[in-house]
Protein chains: 2
Amino acid sequence: MTVDRDIIIIGGGPAGLTAGLYTGRSMLNVLLLEKLSPGGQVLTTHWVENYPGFPGGVSGFDLMDKMKDQALEFGLAIQSGEVVSIQPGGPEQDYHRVVLTDGELTCRGLIIATGAQPRKLGLSNESAMVGKGVSYCGTCDGPFYRGMTVAAIGGGDTALEESLFLTKFVSKVFLIHRRDEFRGTKVLRDRVRRSDKIEVIWDTVVTAITGDDQVTGVALKNVKTNEASTLPVDGVFPLIGVQPISDFAKGVVNLDDGGFITTNESMETSVKGIFAAGDVRSKILRQISTAVGDGAIAAFMAEKYMEQLH
Amino acid sequence: MTVDRDIIIIGGGPAGLTAGLYTGRSMLNVLLLEKLSPGGQVLTTHWVENYPGFPGGVSGFDLMDKMKDQALEFGLAIQSGEVVSIQPGGPEQDYHRVVLTDGELTCRGLIIATGAQPRKLGLSNESAMVGKGVSYCGTCDGPFYRGMTVAAIGGGDTALEESLFLTKFVSKVFLIHRRDEFRGTKVLRDRVRRSDKIEVIWDTVVTAITGDDQVTGVALKNVKTNEASTLPVDGVFPLIGVQPISDFAKGVVNLDDGGFITTNESMETSVKGIFAAGDVRSKILRQISTAVGDGAIAAFMAEKYMEQLH
């Protein structure tokens, strides 16, 4: 059976573009599908300090532009398209069908690099304030808040860990949690309790983020007393989890409890010829550095898979 | 017990420098030990096309310089020193001892990122002839052999890739392989077959390199017929794989059959608090992209490990 492409990559963040660069450089017939424009979550990151090779840092936009240009140099085709579902194909499982909102494509190797997005608080100006004081990643953006006061929101391991990490830089973290106890592990709860820089605000939710060009504070509501209050802060870190973009792959490849795609270290999913790379994958650390590593491996393995089909 | 450093990183290639960038950015007291000068094997690579973020490519030297500068910005200390052995330390295994040729250092978390180096043919004058016609890197040294005849030795992906690259410069590549088929991937095998500048010599090993001040040829032996012959060439490129720099860790952490350090996906070795990252690790793909991913994960896990000691 003839297929449209040797390899289709779904998602144009660092993992997808790296997979595109590698497979393109290998002279394969590759298409990268991206819902919006290539770049992924990095586009929402104002300044990237921890992707190696850029002393002084680089803007998220510039970095992704460079990654895209480099992949294009090696012949990667990029097409705008939203994937609705995927179907491992054929009686011999030697091709895959990618169903788009406006059509269908077939390929031999499929690389899923759709990423994940931070779970949002759901406040009206939340997205508009990203890069202006709202950040979903303490590890990434903590150093930009040296000596400042920030609000962190959440109660799980990530919220506790990130709050503790933030204390290395900020002068004060208000850790806002909607319940009266944390879900996070004991060792982290203990450390949060011992920190003289973290003040926990229990039973409370954030109802608004204030500020125009820059975050100036948050409006709070105690869920038990219904009492409203305000809190002046320089930064807001919603740390209530990340959500993989994997709905279209549900029931096809194995997912973990959080909906992330499970793979082995070679980026192979539970279905032969389908690989996953980057933030959408079940993994311990989601960074640009780890995404490009994943992308290179997925490309290498997809190429090996294709050759073995012949 | 007081230790000299929170974390010691051995090796200053992409994996080590990335681990240094991350741990330094986390305000830990980190030292990177490097035998020569930071940069690793990348320094011997003339031009890097496939590290994402650099359209048009970047010289190996420049890229490593940038990675080093970036890590220094976050407070990484770099010290020249050769590690002789490591000793997981203390009755409670809560520190490690790093023995240098000229002293000793202790740390909580240890990250091994010593990399790998080209495997040698094992001929008596081989090392002496490096720079006089013997080279382990076609990508680096190809341009010096313009219009000349060279011998490449090997049958894997690297050997095929490098031989193809050499054809841009040389008039003829004799590709000498000890078996009757290549291990390399099909696309490369096809390209080698199509090249009118590459002549494959099957079932053959190099038994000697001839020449005094400059390579003049190689002595060959057919392993099936035992027939000996000579082949006049201007250059010799042994492309038979890489050898991890892990002798100092032998008997301490588990190694695979090739001497590479085995880890899980979190870069944890068989010894608690000792991590490995980059080319020295047992892994499927050795690239700058995968080394920086490893370095970031090793740093993240070493930091987690340290916190749990308190």
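Me: How many disulfides does the rule give over all chains?

Reply: The count comes to one disulfide over all chains, where a disulfide is a pair of cysteine sulfur atoms within 2.5 Å. This is a predicted model, in which local features need pLDDT of at least 70, side-chain atom pairs count only at pLDDT 80 or more, and totals for chains, interfaces and linings use all residues. Residues are numbered from 1 along each chain as its sequence is written, chains are lettered from A and ligands numbered from 1 in the order in which they are written, and side-chain values use heavy atoms, with hydrogens and water left out.

Me: What makes Cys137(A) and Cys140(A) a disulfide?

Reply: Their sulfur atoms are 2.1 Å apart, and the rule asks for a pair within 2.5 Å. The link of Cys137(A) and Cys140(A) is right-handed, with 75 degrees about the S-S bond.

Me: Why is Cys137(A) called buried?

Reply: Cys137(A) has 19% relative accessibility, and buried means under 20% relative accessible area, exposed over 50% and partly exposed in between (1.4 Å probe, protein chains only), so Cys137(A) counts as buried.

Me: Why does Ser289(A) count as buried, and which side chain does its own side chain meet in a polar contact?

Reply: Ser289(A) counts as buried because its relative accessibility is 0%. Its side chain makes a polar contact with the side chain of Tyr22(B) at 3.3 Å, where the rule requires a pair of N or O atoms within 3.5 Å; within protein, one must be able to donate a hydrogen and the other to accept it, and residues adjacent in sequence count only if both atoms are side-chain atoms.
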